[in-house]
Amino acid sequence: MSKLAGWSLTARLITKHFGALGDTVAGAIASFDPETATAADRDALADRLRDAAQKLAKARADFARERDDVTRIHATIADDMNAAQALATRMQSCDDAAQRAELERQTNLLLDDVEANKQRLGTEQHEADEAGAFVEQLQQIVEALSQQLAQFDAHAQAARRQLARAKAARDLQQLRLQQQQTLDSLKGMSGSSSALDALTRKAQGIAAQTEGNRIVADVGAQPAQRNAELEALRRTALRPQAEDTLERIKRLGGSS
C-alpha cells in the first residue's frame with residue numbers, strides 16, 4: 001500500500017468511526033502532511049459524489065417505473081372505456097334479453113375495472129410525482145457535489161501553486177543568505193588573515209629597501225659627478241679657443 005493510500009484510508013476510517021475526535025485527528029494529519037490530507041479530503045468528497053450519483057441512478061429507474069405504471073393505467077382505462085362503449089352500443093341494439101343481459105354484465109365488468117384503475121391512478125400518480133421530486137433533489141445534490149469537487153480541484157491546484165511559489169521564495173532567500181554569509185566570511189578573511197598581513201608587510205619591506213638603495217646610490221654618485229664636471233670646465237677653460245674663418249683671414253692678412 002502506498003503512503004498516499006495509507007493516509008487516505010486512515011483519515012476516512014478515523015472520521016467514520018470516531019466522529020468529532022476524528023475531525024481533530026484529521027486536522028492534525030492535515031497540519032502534518034497537507035498534501036496527503038488534501039488527497040484524502042478529495043477522496044471523501046468524490047465518495048459522496050459517487051454515492052449520490054448511484055442513488056440518483058436508482059431514483060431515476062424508480063421514477064421511470066412509476067411513470068410507466070401511470071402511463072399503462074391511463075392506457076388500460078382508455079381501452080376499457082372504448083370496449084365498454086362498444087358493448088353498450090351493441091347492448092342498446094340487441095333484442096335478445098339474455099344476450100342483452102350478458103352484454104350489460106360485460107360492460108359493467110369493464111366499467112368496474114375502469115373505476116378501480118382510476119382510483120389506483122391517483123395513488124400511482126402521487127408516487128410518480130414523489131419519485132420525480134426525489135430525482136430532482138438528488139440531481140441538485142449531484143450537481144452541487146460535482147461543482148464542489150471541481151472547485152476543490154481548482155483550489156487545490158491554486159494552493160499547490162502557492163505552496164510551490166512559497167517554497168521557491170524560501171529557497172531563494174536561503175540562497176541569498178548563504179551568499180551573503182560567504183561574502184561576509186571572505187571580507188572577514190581579508191581583514192584578519194595573518195598570512196595576508198605578513199605578505200603585505202614583506203612587500204612593503206622590499207619596497208622600502210629598494211627606495212633606500214636608490215637614495216644611497218644617488219648620494220654616492222654626487223661627488224663623482226661634481227669632480228667630473230669640474231674637470232671638464234678646466235679642460236674647456238685652458239684649451240685655446242678655435243678661431244673662425246674671418247678671424248683667420250684678419251690674422252693672416254695683417255703686417256708681419
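Reader: In which helix is Glu 124 found?

Author: This is a predicted model, in which local features need pLDDT of at least 70, side-chain atom pairs count only at pLDDT 80 or more, and totals for chains, interfaces and linings use all residues. Residues are numbered from 1 along each chain as its sequence is written, and side-chain values use heavy atoms, with hydrogens and water left out. Helices are DSSP runs (H or I, at least four residues), numbered from the N terminus. The element with residues 97-192 contains Glu 124, and its name is helix H4.

Reader: Does Glu 124 count as buried or exposed?

Author: Buried means under 20% relative accessible area, exposed over 50%, and partly exposed in between (1.4 Å probe, protein chains only). Because its relative accessibility is 11%, Glu 124 counts as buried.

Reader: Which residues does Glu 124 touch, not counting those up to four places away in sequence?

Author: A contact means heavy atoms within 4.5 Å. With residues up to four places away left out, Glu 124 touches Glu 66, Asp 69, Val 70 and Ile 73.

Reader: What percentage of the residues of the protein chain count as buried?

Author: The protein chain has six helices and zero strands. Of its 256 residues, the buried share is 17%.

Reader: Which element of the protein chain has the highest mean pLDDT?

Author: pLDDT is the predictor's confidence in each residue, from 0 to 100. The protein chain averages 77. Helix H1 (residues 3-18) has the lowest mean among the elements, 45, while the highest, 88, belongs to helix H3 (residues 34-93).

How values were computed: Helix = DSSP H or I, 4+ residues; strand = E, 2+ residues; numbered from the N terminus.
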